[in-house]
Amino acid sequence: MNESVKKIGVIGAGVMGHGIAMAFATNGYSVILIDVSEKLLNKAMEQIADGRYGLQRLVEKGKISGEEKERTLSRIKPTLDFSDLYSADLIIEAVPENISIKGDILSRAGKMSKKEAIIASNTSGIMISELSKYVSVPERFLGMHWFNPPQIMKLIEIVRGPETSPGTVKTIEDLSRSISKVPVVVNDSPGFFTTRFINAWLVEAYRQFELGIAGIKEIDTMSKLAFGFPMGPFELSDLIGLDTIMHISDYMYQETKNPAYAAPTVLKKLVHSGYVGKKPGSKGGWYDYYFPSEA
């Protein structure tokens, strides 16, 4: 356990938020998990306990005992009360990829945190320099970009803002290693490295499908067999969320004016029709829309 950070606050109990909470709790950290309703928090705790990537799977694989599962769950405090954040040494914002929503949450978190707390955003593409205007102490603010599912994926992309202090970066690097993650530090830009890279790949795959060069299944198969990727671009898109990809694409295009990042019409069509991937309330994703009989 990192000595300077012992308690973690996670704002947002969705797929990323509850996965981040589980990653820390599994490694002995106390976690405050905040969301706007008891229903969302209860769902998050159910997923941590018994979901696809939850603790029960670790019990079944013999990696932890039933007693360890219960101890891990006891380290997570689900709450609706933002004032509980005052005891946190690190606060991680993990709410939807929307500047106004993130800005409001970061502002509230800053007002509720102790003066020495570090605040991090799990944004996957919004510039840290843009978000830093919502926090009172930008030298203790940075990007901590996790990958889905966060309790499994090893990489944490640490995004250094223009005012982030070296000490803040070092603390988050050490903390990441303490939970068996691999931190890689990058400088601030729209999309950082990983999102710029993956966005260009996904968007190009959509365009090639839209142009009729190859089909969805064929592109996914070729990506896996030719490049060794574990998932093809359409399979991965359904996991990430088509709405998230569209919002990131729009943001990247607005910031860079590079047409390579712009969301293709075929992506917008699905999102506006309610096909946003494997998310609650979604009609499905690429495969559900184009191959409904196989879904």
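Me: How many salt bridges does the count come to?
Reply: Bear in mind that this is a predicted model. Counting a Lys or Arg side-chain nitrogen within 4 Å of a carboxyl oxygen of Asp or Glu, the number of salt bridges comes to eleven.

Me: Which helix holds both D174 and K170?
Reply: Their side chains form a salt bridge, with N to O at 2.7 Å. D174 is partly exposed at 27% relative accessibility, and K170 is partly exposed at 45%. The two sit four residues apart, about one turn, and both belong to helix α7.

Me: Which residues are linked with K170 and D174 in a network of salt bridges?
Reply: The K170 and D174 side chains meet at 2.7 Å, N to O. The network of salt bridges they belong to also takes in E173 and R177.

Me: How many residues apart in sequence are the parts that E235 and K224 tie together?
Reply: The E235 and K224 side chains make a salt bridge at 3.2 Å, N to O. E235 lies in helix α10 and K224 in helix α9, so the pair ties together parts whose separation in sequence is eleven residues.

Me: Is D243, the partner of K279 in a salt bridge, buried or exposed?
Reply: The closest N and O atoms of K279 and D243 are 2.8 Å apart. K279 lies in the loop between α12 and α13 while D243 is in helix α11, so this pair ties together parts 36 residues apart in sequence. K279 counts as partly exposed at 28% relative accessibility. The cut-off for buried is under 20%, and D243 has 19%, so D243 counts as buried.

Me: Is I128 buried or exposed?
Reply: I128 lies in helix α6. Leaving out neighbours within four places in sequence, its contacts include F141, L142, V159 and F192. Its relative accessibility is 1%, so I128 counts as buried.

Me: What about Q151, buried or exposed?
Reply: Q151 is found in the loop between β6 and β7. Beyond residues up to four places away in sequence, it touches H18, G19, M22, A23, Y53 and K181. With a relative accessible area of 16%, Q151 is buried.

Me: What radius of gyration does the protein chain have?
Reply: The chain has 13 helices and eight strands, and buried residues make up 51% of its 295 residues. A compact globule with 295 residues would have a radius of gyration near 19 Å, and the protein chain agrees, with 19 Å.

Methods: Residues are numbered from 1 along each chain as its sequence is written. This is a predicted model: local features need pLDDT of at least 70, side-chain atom pairs count only at pLDDT 80 or more; totals for chains, interfaces and linings use all residues. Side-chain values use heavy atoms; hydrogens and water are left out. The radius of gyration is taken over C-alpha atoms; the globule rule is 2.2 Å times the number of residues to the power 0.38. Buried means under 20% relative accessible area, exposed over 50%, partly exposed in between (1.4 Å probe, protein chains only). Contact means heavy atoms within 4.5 Å.
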